[in-house]
Amino acid sequence: MTGFPDWTGETPVNCAWCAAPLSGGVRRPGRTECPACGSATTDPMPDQQSLDAAYGDWYWPSSGTRFGAIGDRLLRRARASMASRINEVAPAGPILDVGAGEGTLIDALEELGREASGLERLPSREDIRDGTVFDVEGPYAAIVFWHSLEHLPDSGATITEVARKLAPGGVVFIAVPDLASRQAQRFGDRWLHLDLPRHLVHLRSDALVAGLKERGFEIGEVSPVRAGQVVIGWLDGFVTGLPGGLNLYQALRRKSARRIRMSPAQRLASIVAGVVLFPLALVCAAAEIRSGRSGTVYVEGRLV
Ligand SMILES: [Zn+2]
């Protein structure tokens with residue numbers, strides 16, 4: 001009993017990241033671990049119908065807000081700080097944001113005087129289009145995957161293509177959950193950042209770095225902090241582990257942006273539990289970060 005939604009699709013034959021055969025890999029609910037790189041590939045790989053159902057209307061509700069005014073403002077602020085980092089590290093030239101959402105990072109980059117555009121399913125504005133890095137021209141000074149690489153069915157092939165679409169000295173910026181983290185091991189099948197079946201690959205930070213080097217990237221900053229979402233990974237794990245069908249992540253989302261139905265009592269209990277357990281989650285996150293590896297990893301790779 002994992003609480004996963006059901007989905008259908010084909011069994012993947014090769015690791016989505018390193019392309020090694022998955023035969024012989026450890027099968028866990030909803031994913032298979034690669035015997036070569038240790039990352040996991042979602043299994044079965046959801047078909048289009050399952051993906052449409054998995055994203056539904058709740059992931060990006062048409063009202064445009066997911067976590068309420070304060071949460072969305074915090075997300076915007078995080079994007080603005082990301083934009084200054086990209087501006088600092090990337091050489092001159094255009095920037096592509098893969099998984100651009102509503103375009104907050106594009107706006108933040110443009111405010112810094114950078115030319116930027118994005119890719120997103122169901123694009124909501126002119127400078128964002130539906131498509132993949134295989135569909136764009138390039139060359140780009142930087143290509144950004146801010147919690148988006150794990151949503152792609154072909155993450156390894158995508159990064160190979162990124163190396164072709166970057167200008168010499170161009171930089172790829174990646175933020176993803178880290179399967180090698182303590183929180184991933186502690187919470188296992190109910191780890192928040194597995195997010196099955198929307199996440200199609202579950203990378204280990206060491207495999208991510210190794211794969212970038214193999215594709216000709218020189219590794220710059222690797223950070224257990226910059227990709228964020230470390231505390232929420234612990235806090236959600238603690239709250240969903242309590243009896244009573246509590247779910248903090250869903251309780252924090254606005255009603256229209258929730259995947260599951262929750263009674264007002266369940267929502268309140270989830271939030272109260274979240275407040276009570278917050279200090280513990282903070283301590284666990286700090287310890288994880290101090291160990292150099294956390295629930296998420298941020299990596300910069302420069303094409304040399
Ligand atoms: Zn692999």
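# Close-up views of a predicted model

Figure 1. Among the contacts in the protein with a separation of 6 or more, 70% are accounted for by residues 24 or more positions apart. The coordinates come from a predicted model, in which the protein has nine helices and 13 strands. The radius of gyration is 19 Å, close to the 19 Å that the globule rule gives for 304 residues, so the protein is as compact as a globular protein of that length. The C-alpha trace spans about 55 × 45 × 40 Å along its principal axes, and 43% of the 304 residues count as buried.

**Figure 2. The open sheet of seven strands, with mixed pairing.** The strands follow one another in the order S8-S7-S6-S9-S10-S13-S12. Strand S8 (128-129) and strand S12 (217-223) stand at the edges, and each has a single partner strand, so one side of each is left without a neighbour in the sheet. Helix H3 (residues 104-111) packs on this sheet, where it touches strand S6 (95-98), strand S7 (116-119) and S9, and the direction of H3 makes about 170° with that of S7.

**Figure 3. Strand S10 and its two pairings, with S9 and with S13.** Nine of the 12 residues of strand S10 (residues 166-177) are buried, so this strand is largely enclosed by the rest of the structure. Strand S9 (residues 140-146) pairs with S10 in the parallel sense over six bridges, and Trp146 has Ala175 in S10 as its bridge partner. The pairing of S10 with strand S13 (residues 296-303) is antiparallel and runs over seven bridges; here Val176 stands opposite Val297 in S13, while the bridge partner of Pro177 in S13 is Thr296.

**Figure 4. The largest nonpolar core, seen around Ile143.** This core has 78 residues, and those with the most contacts inside it are Ile95, Ala142, Ile143 and Val144. When residues up to four places away in sequence are not counted, Ile143 touches Leu96, Val98, Val133, Val162, Lys165, Leu166 and Val172.

**Figure 5. Helix H7 and the elements that cover its buried residues.** Helix H7 (residues 230-240) is mostly covered, with 11 of its 11 residues buried. The buried residues run from Val230, Val231, Ile232 and Gly233 through Trp234, Leu235, Asp236 and Gly237 to Phe238, Val239 and Thr240. What covers them includes helix H5 (182-187), helix H8 (248-252), helix H9 (264-290) and S13.

**Figure 6. Two cis peptide bonds, at Pro139 and at Pro197.** Gly138 and Pro139 are joined by a cis peptide bond with an omega of about -5°, and Pro139 has its place in the loop between S8 and S9. A cis peptide bond also joins Leu196 and Pro197, where omega is about 0°; Pro197 lies in the loop between H5 and strand S11 (201-202).

**Figure 7. Positive phi values at Ala19 and His147.** Ala19 has a positive phi of about 70° although it is not a glycine, and its place is in the loop between strand S1 (9-10) and strand S2 (27-28). With 17 other C-beta atoms within 10 Å, Ala19 is partly exposed. His147, likewise a residue other than glycine, has a positive phi near 50° and is found in the loop between S9 and H4. His147 is partly exposed, with 19 other C-beta atoms within 10 Å, where a residue would count as buried at 20 or more.

**Figure 8. The open sheet of four strands, with antiparallel pairing.** The order of the strands is S2-S3-S4-S11. S2 and S11 stand at the edges, each with a single partner strand, so one side of each is left without a neighbour in the sheet. Strand S3 (residues 31-33) pairs with strand S4 (residues 40-42) in the antiparallel sense over three bridges, and within this pair Thr32 stands opposite Thr41 in S4.

How values were computed:
Residues numbered from 1 in each chain as written. Predicted model: local features only at pLDDT ≥ 70, side-chain atom pairs only at ≥ 80, totals over all residues. Rg over C-alpha atoms; globule rule 2.2 N^0.38 Å. Contact = placed C-beta atoms within 7 Å. Pairing = 2+ DSSP bridges. Axes fitted to C-alpha atoms, helices over the stretch in contact; angles between N-to-C directions. Core = buried A, V, L, I, M, F, W, Y, C linked by C-beta atoms within 7 Å.
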